[in-house]
Amino acid sequence: MPSLNITFTEDELEAVRAAASAEGKSLKQYVHDLPLREQQRLQFVRYAVTWGEQHRSEFDEAFANEVPPAARGGRQVEAA
């Protein structure tokens, strides 16, 4: 199975060890899981942004007075 050697400073390694311990994982398992979690996080963010863009008009309509003027293409919001 492929492996990877990673160099850390003493402070960095101590921080990674503390994070692994906080999650109840070995250092090896914690470092293994990090890129997988990042991949899942990025996938979630891409989906959330796409969903938000698809529903932007619904939110703009429902919260018309709460959309900042810059987000409205420079139109000013009238004071109530």
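Is Phe-59 buried, partly exposed or exposed? I looked this up first: Phe-59 has 40% relative accessibility, so Phe-59 counts as partly exposed. The cut-offs I used are under 20% relative accessible area for buried, over 50% for exposed and in between for partly exposed, with a 1.4 Å probe and protein chains only.

Basis of the entries. The model is predicted, so I note that local features need pLDDT of at least 70, side-chain atom pairs count only at pLDDT 80 or more, and totals for chains, interfaces and linings use all residues. Residues are numbered from 1 along each chain as its sequence is written, and side-chain values use heavy atoms, with hydrogens and water left out.

Entry: rings. I searched the whole structure for aromatic pairs and found 2. In one of them, the ring centres of Trp-51 and Phe-59 lie 6.1 Å apart with the planes at 70 degrees, so I logged the pair as edge-to-face. The other joins Phe-59 to Phe-63 and is stacked, with 6.2 Å from centre to centre and 20 degrees between the planes. The rule covers rings of Phe, Tyr and Trp (its six-membered ring) with centres within 6.5 Å; planes under 30 degrees apart are stacked, over 60 edge-to-face, and the rest tilted. The ring pairs link Trp-51, Phe-59 and Phe-63 into a cluster.

Entry: overall make-up. I counted 3 helices and 0 strands, and along the sequence the pattern reads α-α-α. Helices (H or I, at least four residues) and strands (E, at least two) are DSSP runs, numbered from the N terminus. Of the 80 residues, 8% count as buried. The protein exposes about 7300 Å², with 56% of that supplied by carbon and sulfur atoms; the areas come from the Shrake-Rupley method with a 1.4 Å probe, and for residues only the protein chains shown count as cover.

Entry: His-32 and Asp-33. I placed His-32 in helix H2, and Asp-33 is found in helix H2 (residues 27-54). Which of their atoms meet? The side chains of Asp-33 and His-32 make a polar contact at 3.0 Å. Such a contact is a pair of N or O atoms within 3.5 Å; within protein, one must be able to donate a hydrogen and the other to accept it, and residues adjacent in sequence count only if both atoms are side-chain atoms. Asp-33 is buried because its relative accessibility is 13%; His-32 is partly exposed because its value is 48%. I also noted that His-32 and Leu-4 are 28 residues apart in sequence and 9.9 Å apart in space, C-alpha to C-alpha.

Entry: largest pocket. I read its volume as about 420 Å³. Of the 15 lining residues, Leu-4, Ile-6, Lys-28, Val-31 and His-32 are the closest to the centre. A pocket is an open set of points on a 1 Å grid over the protein atoms alone, where a 1.4 Å probe fits, with protein on both sides within 12 Å along at least five of seven lines; lining residues have an atom within 4 Å of a point. Grid points are joined across faces, edges and corners, and the volume is the space filled by probe spheres set on the points. Helix H1 (10-22) and H2 each supply at least two lining residues, and H2 gives the largest share, 6 residues. I sorted the lining into 10 nonpolar, 4 polar and 1 charged; Ala, Val, Leu, Ile, Met, Phe, Trp, Tyr, Cys and Pro count as nonpolar, Asp, Glu, Lys and Arg as charged, and the others, Gly among them, as polar.
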